Amino acid sequence: MNERKYRSRVIDKKVEEYLSAFGAVCIEGPKWCGKTWTSSFHSRSEIFLGDPAGNFQNRRLAELSPALVLAGESPRLIDEWQEVPQIWDAVRYEVDQSVEKGRYILTGSATPNHKGILHSGAGRIAKLRMRPMSLYESGDSSGEVSLEKLCHGELTPFMTGEVDLRRLIELIIRGGWPGSLGLSIEQAALLPVEYLNAVVDDDVYRVDGIKRDTTKMRLLLRSLARNESTTVTNKTLKKDMKAVDDEDMDSNTISAYLDIFKRLFITDNQPPFSANIRSSVRVKQAEKRHFADPSLACALLKATPAGLLGDLETLGFLFEALCERDLRIYAESFGANLYHYQDYKNQEIDAVIELADGQWCAFEIKLGANQIDAAAESLLKIQREIAAESGGKTPAVLCVICGLANAAYRRTDGVFVVPVTALRN
């Protein structure tokens, strides 16, 4: 690996930390998000099971004798290990034979069936989830505001400068794919389209050898795109497909296809906030729908810069997806987790970050600066209600993440305002 060409990723620190603590690390995530490049940067030898050279010689060698492909200087990268699931047990066995840490790095863009994998690898093989690039990683955020420090109430006010709406739209359509950096928006928009084609036409079958109706899969993906950043149920997806695409699909098929999308890391839903807030407020337990990257929803909706400028409602949902992708990447880098909040009074918090010590922070996401006042009041109202009802545990920090704000600051009511283009981990 030419280290001078490697663009640092937020996950780098975690990879190093895990390699020092575990015998092997498995880095999972969607295709083309940079797993191989990052893993290669941290390894000293490597083998690529998806390499077609010699009629897929590496894959056939791994199938015949998994132990042979494990030989090499540590850490040894085994790319796309799920092509030969037996590799998992072979790595686990080798790790068991030695107290040495950081022996192997596995990468995978699909979660195979457990059939053929004899052991979970718990305590031996640690898993890390990698995602497409955040704005900070791609160089589109100044990184002047640390999310970790913000979650502890630390922020030095400063002017961030004006943000162009058209530029935000381009960042959403382009997405966080490393291969899109430096391309024109027209060129970059082609990548998520081809990504979806490759996954649906090839990877869906390869993940378990079962043939599925690719036309219906695409229709379901389109329905998910229309419902990006919402908490719609499977039943609602079924109704949406019938109403918009005039296609009926039974509930079991929808559930099975959604499971495949999850196993291929196409979707990356945001779980509901489930911490015990010691309050009588009843919290809904529905996941918020997301793709791994908002550019995938754009590709399915055939969104263009001009089209999104004329449809601010859709743009708002896609901007929310962009922010929540970044918040999750940043939060996980310091041991926190991303959720959303929704109760039976129809009150919502777009993003909740729960810290390792149990403290939690509430974030509203708004595209325009003219929405900041309403977003701040919504956060304050929920905070008051949680505090009033049974003395619930209130959020430690309230913040509005904005697209078109020109400054990072703390309001007189205590609510922080931060442009997403100034944020980092």
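Which side chain meets that of lysine 127 in a salt bridge?

Modeller: The model is a predicted one, in which local features need pLDDT of at least 70 and side-chain atom pairs count only at pLDDT 80 or more, while totals for chains, interfaces and linings use all residues. Residues are numbered from 1 along each chain as its sequence is written, and side-chain values use heavy atoms, with hydrogens and water left out.

The partner of lysine 127 is glutamate 28, at 3.7 Å from N to O. A salt bridge here is a side-chain nitrogen of Lys or Arg within 4 Å of a carboxyl oxygen of Asp or Glu. Lysine 127 belongs to strand β5 (residues 125-129) and glutamate 28 to strand β1 (residues 24-28), so this pair ties together parts that are 99 residues apart in sequence. Helices (H or I, at least four residues) and strands (E, at least two) are DSSP runs, numbered from the N terminus. Lysine 127 is partly exposed, at 47% relative accessible area, whereas glutamate 28 is buried, at 11%. Buried means under 20% relative accessible area, exposed over 50%, and partly exposed in between (1.4 Å probe, protein chains only).

A second pair joins aspartate 240 and arginine 226, whose closest N and O atoms are 2.8 Å apart. Aspartate 240 lies in helix α11 (residues 234-245) and arginine 226 in helix α10, so the pair links parts that are 14 residues apart in sequence. Aspartate 240 is buried, at 16% relative accessibility, while arginine 226 is partly exposed, at 28%.

Helix α10 (residues 214-226) also packs against helix α12 (residues 251-263), at an angle of about 75 degrees and with the axes 11 Å apart. Axes are lines fitted to C-alpha atoms, for helices over the stretch in contact, and angles run from 0 to 180 degrees between N-to-C directions. The contact (heavy atoms within 4.5 Å) includes Lys216 and Leu220 of α10, and Tyr257 and Phe261 of α12.

Elsewhere, salt bridges with shared partners join Lys31, Arg59, Glu83, Asp202, Asp203 and Arg206 into one network. By the rule stated above, the count comes to 34 salt bridges.
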